[in-house]
Amino acid sequence: MSDRDLKRWLCLGCGFSYDEALGLPEHGISPGTRWADIPDDWCCPDCGTPKHLFEMVEIPYAPGQPTPQRPPL
Amino acid sequence: MSNSFILRAADRGHEKILSTGPTASYVGGHPDAFITRHSSFNFHDYQSGRAGFGRIRVFGDETFNNPGCSYNMHPHHNFIICAFVLSGRLQHINTTGNNDELLAGDYYAFSAGSGGLHTEINVHREPMNAIYLWMLPDHLYLPPSYARGRFDAEASANRITPLLGTGAPLPIPQDATVSRLFSTRSGRHVHRPRSRGHGLYCFVIDGRLTCDGTMLERRDSKGLWNATEIVLESGETGADALLVETIL
Ligand SMILES: [Zn+2]
């Protein structure tokens, strides 16, 4: 699997994005976690929209984004 | 040959969102406050229609009823959220530092980008009716931005006036343009999409408009694509329409 295969998903309730490459470490989802491997009952952490109402998007990041995560202290 | 879909006013999604009960953290205000939302595309509990059109994901015809009726402060990312106030007065507050009152004819574009919060409030007795339009951005996590504009119906009557987006006074980070046609008399207006790859969503705010041969009444709409020329004809009693051109 190459990084190019990793997808981005957008919450249609608020615009929150999930990037498979980045995961959501602050919500217990490690980088590289495939969308398919996230439980079906998972909801948007910002607005509660269910997983099935996310849309896969092929939108590039703005320059300088995403901001690199600070390493844990 | 062009392609199209027609969406009649009554066939849109319809929700009534109360300021009490389970939705209280979402909708605020006086206990009698409620929002009515007619959705042209799938949104929240309405999921049996179209998913969107081009870069449009939300097209909500919303009315805030009773004093204090609001969407409480809540977060967004990425979406370009636009509001076009049709009647009443809207208070819009966001975390890019704006606190605006918008009257009929006023509109804003709030690009949530890397993150922002907003609240939408009607603090008056008179209901507030606005069109809420959400579009996908051309990049994720852009710096959040906000701009407002005003459509002067009298000065802009009887022609297609760009409001925001490409070729309009308010830029947005997407290959899309929102225009308004406010006609006070019968007339023929030709819209030429910027390319064959652009579609047009035509929504009639008021009056009657024949769009590419289809008679559209108040709050009816039509989407068109693969067209080089779209003819809009208003009748003697006039018409008021929002036109969203979007890359497909
Ligand atoms: Zn969300």
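This is a predicted model: local features need pLDDT of at least 70, side-chain atom pairs count only at pLDDT 80 or more; totals for chains, interfaces and linings use all residues.
Start in chain A. The zinc ion is coordinated there by the SG atoms of A:Cys11, A:Cys14, A:Cys44 and A:Cys47, at 2.3 Å. The angles at the zinc ion run from 100 to 114°, so the arrangement is tetrahedral. Along the sequence, the donor residues follow the spacing C-x2-C-x29-C-x2-C. Both A:Cys11 and A:Cys14 are buried.

Now turn to chain B and its sheet. Strands of a sheet pair through backbone hydrogen bonds, either parallel or antiparallel. Here five strands of chain B make an open sheet, in the order E3-E6-E11-E8-E9, with antiparallel pairing. Its edges are E3 (27-28) and E9 (98-102), each of which pairs on one side only. Look inside the sheet next. E6(B) and E11(B), residues 116-122, are joined by six bridges. One residue pair to find is B:His76 and its bridge partner B:Gly116, which sits in E11(B).

Then look for the nonpolar cores. The largest has 29 residues, and B:Ile35, B:Phe64, B:Leu90, B:Tyr108, B:Met128 and B:Tyr132 have the most contacts inside it. Strands E5, E6, E7, E10 and E12 of chain B each supply at least two of its residues. The largest share, four residues, comes from E12(B). Another core, of 27 residues, lies apart from this one and includes B:Ile80, B:Tyr107, B:Ile131 and B:Leu164.

Finish with B:Ile35. Beyond its neighbours within four places in sequence, B:Ile35 touches residues including B:Ile17, B:Val27, B:Phe64 and B:Tyr71.

Definitions and conventions
Residues are numbered from 1 along each chain as its sequence is written. Chains are lettered from A and ligands numbered from 1 in the order in which they are written. Side-chain values use heavy atoms; hydrogens and water are left out. A nonpolar core is a set of buried Ala, Val, Leu, Ile, Met, Phe, Trp, Tyr and Cys residues joined through side-chain atoms within 4.5 Å. Buried means under 20% relative accessible area, exposed over 50%, partly exposed in between (1.4 Å probe, protein chains only). Contact means heavy atoms within 4.5 Å. Two strands pair if DSSP finds at least two bridges between them. Donors are N, O and S atoms within 2.8 Å of the metal (3.2 Å for Na, K and Ca); water is not among the atoms, so sites may look incomplete. Four donors count as tetrahedral if all angles lie between 85 and 135 degrees; four count as square planar and six as octahedral if opposite donors are over 155 degrees apart and all others between 65 and 115; anything else is irregular.
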